Amino acid sequence: LDGPLTQARQAVECFVEDPADTSLMRVCATYLHQVQGTLRIVELYGAAMVVEEMERVALALLDGKVKPQDDTYSVLMRGIVQLPDYL
């Protein structure tokens, strides 16, 4: 799980620097989806639900349903960074 979470974190960092490049948030959502699937396979449903919400935030940013703000990026990033410690 470390690889996909690292890729998701890097995508968020790059998106913050260049919000016009929406493909970066798509990359983040894709990696979060992979992590969610893995967590469901190993039956860590609580963690999978958290990652599902993180994926929804990424997709909402991508679709313009959530305003891109520092707080939004911060919460998404904090979830990605803290998940490995939780696991």
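**Helical architecture, salt bridges and cysteines of the predicted model**

Arg-9 and Glu-13 are both part of helix H1 (residues 2–17), where a spacing of four residues places them about one turn of the helix apart; helices here are DSSP runs of H or I with at least four residues, strands are runs of E with at least two, and numbering starts at the N terminus. The side chains of Arg-9 and Glu-13 meet in a salt bridge with an N to O distance of 2.9 Å, a salt bridge being a side-chain nitrogen of Lys or Arg within 4 Å of a carboxyl oxygen of Asp or Glu. Arg-9 is partly exposed at 26% relative accessibility, and Glu-13 is likewise partly exposed at 34%. In this classification, buried denotes under 20% relative accessible area, exposed over 50%, and partly exposed the range in between (1.4 Å probe, protein chains only).

The structure is a predicted model, in which local features need pLDDT of at least 70 and side-chain atom pairs count only at pLDDT 80 or more, whereas totals for chains, interfaces and linings use all residues. Residues are numbered from 1 along each chain as its sequence is written, and side-chain values use heavy atoms, with hydrogens and water left out.

The secondary structure of the protein consists of four helices and zero strands, giving the order α-α-α-α from the N terminus on. The radius of gyration is 12 Å, in agreement with the value near 12 Å that a compact globule of 87 residues would have; this radius is taken over C-alpha atoms, and the globule rule is 2.2 Å times the number of residues to the power 0.38. The C-alpha trace spans about 35 × 20 × 20 Å along its principal axes. Of the 87 residues, 32% are buried. The accessible surface amounts to about 5,300 Å², and carbon and sulfur atoms contribute 53% of that surface; accessible areas come from the Shrake-Rupley method with a 1.4 Å probe, and for residues only the protein chains shown count as cover. Among contacts between residues at least 6 apart in sequence, 58% join residues at least 24 apart, where contact means heavy atoms within 4.5 Å.

The structure holds four salt bridges. Arg-40, Glu-52, Glu-53 and Arg-56 are linked in a network of such interactions. Because Arg-40 lies in helix H2 and Glu-52 in helix H3, the pair ties together parts that are twelve residues apart in sequence. Glu-52 also forms a salt bridge with Arg-56, again with 3.0 Å between the closest N and O atoms. Glu-52 and Arg-56 are four residues apart in helix H3, which means that about one helical turn separates them. Arg-40 is partly exposed at 31% relative accessibility, as are Glu-52 at 22% and Arg-56 at 47%.

Glu-52 also takes part in the surroundings of Gln-36, a residue of helix H2. Gln-36 is buried, with a relative accessible area of 9%. Neighbours within four places in sequence aside, Gln-36 is in contact with Ala-48, Val-51, Glu-52 and Glu-55.

The loop between helix H2 (23–41) and helix H3 (45–63) contains Val-42 as well as Glu-43. Glu-43 has a phi near 60°, a positive value in a residue other than glycine, and is exposed, with a relative accessible area of 56%. Val-42 belongs to a nonpolar surface patch together with Leu-1, Ile-41, Leu-44, Tyr-86 and Leu-87, and the accessible area of the patch is about 630 Å². Patches are made of residues with over 30% relative accessible area and no salt bridge, like charges being joined within 9 Å and nonpolar side chains (Val, Leu, Ile, Met, Phe, Trp, Tyr) within 5 Å.

A search of the whole structure finds zero disulfides, the criterion being a pair of cysteine sulfur atoms within 2.5 Å. Cys-14 is in no disulfide, and the nearest cysteine sulfur, that of Cys-28, lies 11 Å away. Cys-28 is accordingly also in no disulfide, its nearest cysteine sulfur being that of Cys-14. Cys-14 is partly exposed, with a relative accessible area of 37%, whereas Cys-28 is buried, with a relative accessible area of 0%.
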